[in-house]
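Q: I have a structure open and have not looked at it before. Can we go through some of its helices and loops?

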Amino acid sequence: MFDVVVLASGRGSNFAALRTAQMRGDLPICLRAVLSDKAKAPALDLARNAGVAALSLSPRDYADRASFDRALFARAAEFSPDLIVFAGYMRVIDAAVIEQWRGKAINIHPSLLPKYPGLHTHARALKAGDRVHGASVHFVTAELDGGPVIAQVELPIQTGDTADTLAARLLIREHQLLIAAIDLIAQGRIALGIDGVAFDGCMCRVPLKLTDNGTLSAS
Ligand code: GRF
C-alpha cells in the first residue's frame with residue numbers, strides 16, 4: 001500500500017477529503033498519520049475520529065527551526081511514508097531537512113503559482129483584478145510555495161466575489177486537485193526528475209490541469 005502522512009496546521013478539510021476518497025475506494029492509499037505544529041489543530045481531531053494516528057510537536061519546545069523540523073520529520077519517518085502531504089501546513093521547512101524528502105513531499109496552495117506565494121491569495125487575486133484564480137499542487141522545497149508545480153485547477157472569478165466566496169468555491173476544487181495528484185503519484189505516474197516534474201515518463205513543460213470530471217490532463 002502507498003503510505004501517506006499529512007502535515008496540517010488548521011482545519012483539516014483536505015485531510016477529510018482524502019479520507020473520504022480513501023474510504024469510498026477512490027484513492028488507493030493508506031493514511032498513516034496527521035502531524036501538526038499546533039496541538040489544537042482541528043485536523044488532529046478529524047484524524048483521531050477517523051482512527052488515524054494524530055500527533056503534534058510544538059516549535060516552542062525546540063531551539064530553532066532546524067531542530068524542530070528534524071524532530072517533526074523524524075516522527076513522520078516512523079510511519080515510513082511514501083509521500084508527505086502538506087495540507088494547510090503553515091511553516092517553511094529547513095532546507096537540509098526537506099532535501100531528504102525531495103520528490104516525496106507535496107503541498108496544496110490556493111493560487112496559480114508562481115502567482116501569489118504565501119498568504120491572502122484570494123484577496124490578492126481580487127485586488128489585482130484577475131479574471132481567473134486557482135490552486136496548485138507542487139513538490140515541496142525550502143522556498144515558500146516555490147517547488148516544481150505538478151498540477152493546477154483554474155477557477156473563474158465572478159462579479160461580486162469576495163475573498164471568502166472565492167475561497168469557499170476554490171476549496172471544493174482544491175480537494176479534487178489534491179486527490180487526483182496523489183492518485184497519480186501513488187500509481188507511479190508522476191515523479192520529480194532532475195529537470196522538473198515527469199508525467200508518464202515525459203517532462204511536463206506546463207502543469208497538468210484538472211478537468212471538470214476531476215482527472216488530470218497534460219493538455
Ligand atoms: C487550503 O486552502 C490550502 O490550499 C491552504 O490552506 C488551506 C488548508 O485547508 N494551503 P484545510 O486545513 O485542509 O481545510
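Q: Where is the kink in α6 centred?
A: The kink in α6 is centred on Leu171 and is about 30°. The bend at a residue is the angle between axes fitted to the seven residues ending there and the seven starting there. Helices are DSSP runs of H or I with at least four residues, strands are runs of E with at least two, and both are numbered from the N terminus.

Q: What kind of model is this?
A: This is a predicted model, where local features need pLDDT of at least 70 and side-chain atom pairs count only at pLDDT 80 or more, while totals for chains, interfaces and linings use all residues. Residues are numbered from 1 along each chain as its sequence is written, and side-chain values use heavy atoms, leaving out hydrogens and water.

Q: How many residues does α6 have?
A: α6 has 24 residues. From first C-alpha to last, α6 reaches 33 Å, close to the 34 Å expected at 1.5 Å a residue; the expected span is 1.5 Å times one less than the number of residues.

Q: And what follows α6?
A: Gly188 follows, with a positive phi near 80°.

Q: What is the phi of Ser80?
A: Phi of Ser80 is near 45°, a positive value in a residue other than glycine. Most residues other than glycine have a negative phi. Ser80 lies between α3 (65–77) and β4 (83–86), in the loop.

Q: What about Asp145?
A: Asp145 is not a glycine, yet its phi is positive, about 50°. Asp145 sits in the loop between β6 (132–139) and β7 (149–156).
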